[in-house]
Amino acid sequence: MGSDLKNLSTLPKEIYKKYYKKGSKAYEILLLHSRCVATLAVAIADRHPEWELDREFLYEAAMLHDIGVICTDAPSIGCTGDAPYIMHGVLGADLLRKEGLMRHALVCERHTGVGLTLQEIIQRQLPLPAREMVPISLEEQIVCYADCFYSKSGDLMEQKTTERILQGLRKRSEDDAVKFLVWHKLFGE
């Protein structure tokens, strides 16, 4: 089956049109980043047919996981909203809930880093709702894992090495690095 994305849902592009100006810097960065994440996520699903994942949902969720960046103050990626970047998952989840996409909203909310625990949100005094925001379903975990490999700055198509990802995660916590390594064993090639 491969990781062909051509025949998958047009839903993400319909949602993009509502919140992004086509051709804008923010739109182009979001689209390219999300395609990279979706390609990897679908490839993981294709390597594991025994998991019986919802491939279409996985694609849509990967394409929409960063929809909320438009609401943040991130001029380097063309976003001129008011909110801190750390809030993009929660804000994106709110947008997707308005669209009636409840499962997609959960992926959006839970994808930051390798997920954010309630304890981490409180300890770091993050401007986020005080609740668990860690990926639970396999689809959520796969999108979160795939997202770790791609940045929205620099060379957007460059896939980060595992070592580079671990280096970044260890700056936050060793627990995040361990969680990523568990996923890497499960999802990696």
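Me: Which helices each supply at least two residues of the lining of the second largest pocket?
Reply: Helix 6 (118-123) and helix 9 (174-187) do. Keep in mind that this is a predicted model.

Me: And where does the largest share of that lining come from?
Reply: From helix 9, with three residues.

Me: How many residues line the second largest pocket, and which lie nearest its centre?
Reply: There are 13 lining residues, and T117, E120, S173, D175 and D176 lie nearest the centre.

Me: How does that lining divide into nonpolar, polar and charged?
Reply: Three nonpolar, four polar and six charged. The space in the second largest pocket is about 210 Å³.

Me: OK, what volume does the largest pocket have?
Reply: About 550 Å³. It has 21 lining residues, and G113, D147, Y150, K152 and K160 are the closest to its centre.

Me: Which helix gives the most to the lining there?
Reply: Helix 8, which puts in five residues. Helix 7 (138-147) also supplies at least two.

Me: How far is R164 from F187?
Reply: Their C-alpha atoms are separated by 17 Å, and the two residues are 23 apart along the chain.

Me: Switching to rings. How many aromatic pairs are there?
Reply: The count comes to seven. One of them is Y16 with Y20, a tilted pair at 6.3 Å centre to centre with 55° between the planes.

Me: Are Y16 and Y20 buried or exposed, and why?
Reply: Y16 is buried because its relative accessibility is 0%. Y20 is at 5%, so it counts as buried too.

Me: What about Y145 and F149, what kind of pair do they form?
Reply: An edge-to-face one, 5.1 Å centre to centre and 75° between the planes. Y145 and F149 are both buried.

Me: Which residues make up the cluster of ring pairs?
Reply: W51, Y145, F149, F180 and F187 are linked into it.

Me: Last one: which ring does the charged end of R103 sit over?
Reply: The ring of F57, at 3.7 Å from its centre.

Technical notes. Residues are numbered from 1 along each chain as its sequence is written. This is a predicted model: local features need pLDDT of at least 70, side-chain atom pairs count only at pLDDT 80 or more; totals for chains, interfaces and linings use all residues. Side-chain values use heavy atoms; hydrogens and water are left out. Rings of Phe, Tyr and Trp (its six-membered ring) pair if their centres lie within 6.5 Å; planes under 30 degrees apart count as stacked, over 60 as edge-to-face and the rest as tilted. Buried means under 20% relative accessible area, exposed over 50%, partly exposed in between (1.4 Å probe, protein chains only). A charge sits over a ring if NZ of Lys or CZ of Arg is within 6 Å of the ring centre and within 35 degrees of the ring normal. On a 1 Å grid over the protein atoms alone, a cavity is a set of points where a 1.4 Å probe fits but cannot get out, and a pocket is an open set with protein on both sides within 12 Å along at least five of seven lines; lining residues have an atom within 4 Å of a point. Grid points are joined across faces, edges and corners, and a volume is the space filled by probe spheres set on the points. Helices (H or I, at least four residues) and strands (E, at least two) are DSSP runs, numbered from the N terminus. Ala, Val, Leu, Ile, Met, Phe, Trp, Tyr, Cys and Pro count as nonpolar, Asp, Glu, Lys and Arg as charged, and the others, Gly among them, as polar.
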